[in-house]
Amino acid sequence: MINAPIASSLFFSHAQNAPTCAAKQLAAIIDKNDATALSSLLEQINRSEPEITNLTKLALISDSVSLETKQALFEGSEIDIHEEILYGESVLAYAERRDDTALLQVLTNKQTPNPATTDCIDTTENIENSNLGNKLQFGTVAGIIAGATAGSIATFIDKAVVENISGKRTVLESLKDSAQQLSPKQHRNLFSAYRAVAGVCAVTYVAANATETVAGHYKQDAVIPKLIVTTIVNTAASIKRDCILAGLYGKGAVSTLPRASIGLFIIRDGLTMAGAFALPNKLSNHLQDKYNFSAQYAKGIAQIICPVVMQVGAALFHVAGFDYYNRPNIPLANRWQTIKSTYIPTLAGRSARIFCAYGIGANINAYLREQFSPSPKKL
């Protein structure tokens with residue numbers, strides 16, 4: 001970690017005309033690890049000497065801080081960050097040696113870094129690989145916690161929807177029955193359903209987090225890869241969940257879902273995943289650009305709205321899929337009557353369920369990822 005004397009030396013060498021008190025203030029702030037005061041000082045310096053600000057930032061970043069953090073510091077500055085890292089490492093090397101002549105020459109002429117310092121790139125790559133592993137781990141933990149939380153409410157709704165489609169109970173009757181099943185003697189079936197529902201949410205979040213992390217690590221757009229990966233994972237897990245729910249609360253005697261049901265559920269899950277992981281970014285950007293929403297508020301609202309809206313189509317395929325399970329040999333005309341009669345309750349139930357699972361749950365997942373993500377070490 002760079003210390004106060006080295007940072008001050010760098011500051012003095014590049015800003016020979018800057019007030020001495022500013023350099024002393026910088027050293028004092030570093031000693032106290034006062035991030036707020038540091039940010040305020042950099043803003044003051046930036047108003048008069050923007051180049052000094054950028055160089056000071058480089059001085060304050062150790063080689064153990066991620067490339068992502070370095071990029072964030074230089075965002076909007078039109079600086080080649082990879083060139084700056086090599087340049088900055090060279091500057092720091094000379095500062096550590098107290099070679100003021102060489103340091104001033106590098107700062108003044110911005111010469112090519114000394115070959116002796118080029119091993120910093122390998123160090124950066126190794127650290128970035130380590131950060132990737134940490135981010136994947138933290139993303140997994142965040143996804144599991146978010147899935148377990150969202151699944152607690154979604155289980156009741158999923159059970160109610162399946163029982164309503166099968167004709168066993170209305171949605172309200174099923175919810176009342178679920179409340180009664182919370183007693184220790186009657187909770188076994190409900191707990192089995194919870195494991196299935198929460199498991200789907202969890203593996204979907206984990207897959208989304210991992211895909212976004214890997215795509216970000218390699219500087220690629222994550223929208224399409226995340227949509228493809230989450231649809232595959234969610235569909236596979238959802239079919240297993242639907243088999244469990246159909247066996248617990250449906251009327252069919254078969255142990256596996258018919259192919260028609262599987263095909264309908266794939267379409268259902270594709271629509272849901274598009275609403276959960278592809279469309280929110282577009283809506284968020286629209287809200288920020290057209291209505292001046294803050295980024296955090298726009299993302300939260302978009303994450304809630306998009307998955308729910310997509311249920312207008314997804315609910316239709318959900319009803320049809322379960323009806324094929326409950327009545328595999330019924331003519332299409334008769335099946336359509338059942339679909340029409342159960343569509344509105346199913347749409348309401350699915351919307352509430354998706355609101356919990358991929359609206360509230362996704363915001364919980366995003367919050368946990370932010371909290372769990374590896375953070376730069378203190379200055």
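Asn292 sits in the loop that links helix 12 to helix 13 (295–309). Its phi is near 60°, a positive value in a residue other than glycine. The model is predicted.

**Loop residues with positive phi**
- Asn292 has a phi near 60° and is not a glycine.
- Lys219 is also not a glycine, and its phi is positive at about 60°.
- Lys219 belongs to the loop between helix 10 (188–217) and helix 11 (223–249).

**Helix 12 against helix 14**
- Helix 12 spans residues 259–291 and helix 14 spans residues 311–326.
- The two pack at an angle of about 160°, and their axes lie 8 Å apart.
- Helix 12 is therefore roughly antiparallel to helix 14, as the angle is over 145 degrees.
- The crossing of helix 12 past helix 14 is left-handed.
- Helix 12 brings Ala260, Ser261, Leu264, Phe265, Ile267, Arg268, Leu271 and Thr272 to the contact.
- From helix 14, the contact residues include Gln311, Gly313, Ala314, Phe317, His318 and Tyr325.
- By class, this contact has eleven nonpolar, six polar and one charged residues.
- Residues three or four places apart in an α-helix point the same way, because there are 3.6 residues a turn.

**Helix 15**
- Helix 15 covers residues 332–372, with 41 residues.
- Its end C-alpha atoms are only 50 Å apart, whereas a straight helix would reach 60 Å at 1.5 Å a residue.
- Helix 15 has a kink of about 45° at Tyr343.

Notes
Residues are numbered from 1 along each chain as its sequence is written. This is a predicted model: local features need pLDDT of at least 70, side-chain atom pairs count only at pLDDT 80 or more; totals for chains, interfaces and linings use all residues. Side-chain values use heavy atoms; hydrogens and water are left out. Helices (H or I, at least four residues) and strands (E, at least two) are DSSP runs, numbered from the N terminus. The expected span of a helix is 1.5 Å times one less than its number of residues. The bend at a residue is the angle between axes fitted to the seven residues ending there and the seven starting there. Axes are lines fitted to C-alpha atoms, for helices over the stretch in contact, and angles run from 0 to 180 degrees between N-to-C directions. Angles under 35 degrees count as roughly parallel, over 145 as roughly antiparallel, 65 to 115 as roughly perpendicular and the rest as oblique. A crossing is left-handed if the near helix is turned anticlockwise from the far one by less than a right angle, and right-handed if clockwise. Contact means heavy atoms within 4.5 Å. Ala, Val, Leu, Ile, Met, Phe, Trp, Tyr, Cys and Pro count as nonpolar, Asp, Glu, Lys and Arg as charged, and the others, Gly among them, as polar.
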